[in-house]
Amino acid sequence: MLILFTLAGFGAYKFYGSLSQFTNSIYQRVARDNMRDANVSLRKGEPVSILLAGIDNGALFYKDVPDGRSDVMMVITIDPENKKSQLLSVPRDALGPMDRTDDFDKLNHAYMDYGIKGTINSLQRYLDLPIDYYVEVNMKGFIDIIDGMGGIEITPNQTFIQNGAKFEEGVTRTLTGEEAIHYVRMRKADPEGDIGREKRQQQLVKAVIDKVLTLDTITNFREIMAALGNNLKTDLSLNDMMALQKNYLPALASIERLVFKDHQDLNLDFGYYLLVPEKERREMSNKLRANLGLGPTQKVIVYPPSYGVVNRYFRVVDEDEDGQITDDDLLTSASDYTVADLKERIHKASMKRGINYFEDVYMDDAGVMQPSVLYTPKDQMLLQADQLKRADRFGGSIDPSEESGGQVPLESGQGLGPADQGPSALPGSSGLVDPSLTAPSTGPGETGTEYAY
């Protein structure tokens, strides 16, 4: 991507015809779901996000693989005004929603099943972040880029051998394109697994950026363009590239490299998946959104129980009493939701089923799991009647220290992620109440939770 920006800057006038022909050949528009009210103006230097997708076909052991996977997914956000850039690696095995469906799978399978459009849509939902542009390169294109630059200088962060290529920790060397592939694809010998691999991928990307930013020109760009023609796709036009080169390169001089540090391995009978906890996923979303000038995320993800994921936003009960928790026991389908939408769905489903229902936890605005409780409308009326009786005994006020559970009057906008909700109806209409409440020792809180999950 940076080579293209540099080509646009240094070659546009002298070699405009060749460059224009090349950029037209690699241009591929994608009808992604648009998360913005208006398109980003690169000419005005507005904050932008770009997906860098590395596809595992086209060379070496994967030359003849027709349906590749996006084994590398990096999202870069650039704020040119504040000269701040971020580079986030999304784990290829991370469990997430697929394209526009309610199906869940490894995020790198979105490319195999739905193409680059599906990858973009899946990542937009997973990160709650608009992806304005993309650059897709396969392994052959990756090798050609590195070789076209005369190799790339890397200081390995550990000693290992991958497919015959040897790397020694702390010993700086110039890698060829094929050696660079082996350096960034090693996973099994890395004590950090996928996370370690992501760090090496980011190290290489940063090395490419640093080299391009110090180049006066690239003399063999015709050869590079000829090699990349069939192995690179993007929806950046030539004018977009020139605007990026003019307005955004200074912000890349200092780039923050990000990875998901907390994750859970899901070793299931039907495959391996990686789960990023909701707290960290939301925190990372907020960090990227802030660099684009966007407010905090309002999205949460409800995962399918069939993947062994314990739901974090509402209690799942074995409604059909078959002795196991299945996807059918969810109060709503597994998907991504705004907090307000999820509350409404929980409320309607609870009323329809007529269940007495408790919620284990909710996530507060700091991303911390807190205990909470969810009542059905019938329970809500009983609780409020109990509060009125107690208030009458205390002369119009409620003493929170009273033995029957420390209840306090209910307020609006409380329950699941209160800071995310904004103004809302009273808990009686949403089904969610103040997380400080605890169920009375007798009364509405004792039924219907035998198979709580």
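Two strands count as paired here if DSSP finds at least two bridges between them.

**View 1. Strand 2 and its two partners.** Strand 3 (residues 84-89) pairs with strand 2 in the antiparallel sense, over six bridges. Look for threonine 77, whose bridge partner in strand 3 is glutamine 86. Strand 1 also runs antiparallel to strand 2, and eight bridges join them. Here leucine 51 has valine 75 of strand 2 as its bridge partner. Of the ten residues of strand 2 (residues 70-79), nine are buried, so the rest of the structure largely encloses this strand. As you follow the side chains, recall that in a regular strand they alternate between the two faces of the sheet.

**View 2. The turn between strand 2 and strand 3.** Four residues lie between the strands of this hairpin. Lysine 83 is the one to pick out, with a positive phi near 50 degrees. Most residues other than glycine have a negative phi.

View 3. Aspartate 99 sits in the loop between strand 4 and strand 5 (104-106). Its phi is positive, near 50 degrees, although the residue is not a glycine. Aspartate 99 counts as buried because its relative accessibility is 5%, below the 20% cut-off. Asparagine 163 belongs to the loop between strand 8 (160-162) and strand 9 (165-167). Asparagine 163, also not a glycine, has a positive phi of about 50 degrees. With a relative accessible area of 45%, asparagine 163 is partly exposed.

View 4. Start in the loop between helix 2 (16-26) and strand 1 (48-55), where arginine 32 lies. This arginine is buried, since its relative accessible area is 18% and the cut-off is 20%. The side chains of arginine 32 and aspartate 235 are joined by a polar contact of 2.9 Å. Leaving aside neighbours within four places in sequence, the residues in contact with arginine 32 include Arg100, Ile120, Asn121 and Gln124. Ile131, Asp132, Tyr133 and Tyr134 are also among these contacts of arginine 32.

**View 5. The bend in helix 3.** At glycine 115, helix 3 bends by about 130 degrees. The end C-alpha atoms of helix 3 (residues 109-127) span only 16 Å, whereas a straight helix of 19 residues would span 27 Å at 1.5 Å a residue. Since 14 of its 19 residues are buried, helix 3 is largely enclosed by the rest of the structure. Aspartate 128 follows helix 3 and has a positive phi near 50 degrees.

View 6. Across the chain, pLDDT averages 76, and 70% of the residues score at least 70. Over residues 397-453 the pLDDT is below 50, yet this stretch has 139 contacts in the model beyond near neighbours in sequence. Confidence is highest in strand 4 (residues 95-97), at 97, and lowest in helix 12 (residues 418-421), at a mean of 30. Residues 371-377 also stay under 50 in pLDDT, and the model has 37 contacts for them beyond four places in sequence. Please bear in mind that where pLDDT is low, the predicted coordinates should not be read in detail.

How values were computed: Residues numbered from 1 in each chain as written. Predicted model: local features only at pLDDT ≥ 70, side-chain atom pairs only at ≥ 80, totals over all residues. Heavy atoms only, no water. Helix = DSSP H or I, 4+ residues; strand = E, 2+ residues; numbered from the N terminus. Buried < 20%, exposed > 50% of the residue type's maximum accessible area, 1.4 Å probe, protein only. Polar contact = N/O pair within 3.5 Å; in protein donor to acceptor, adjacent residues only side chain to side chain. Contact = heavy atoms within 4.5 Å. pLDDT = per-residue confidence, 0-100. Expected span 1.5 Å × (residues − 1). Bend = angle between axes of the 7 residues up to and from the residue.
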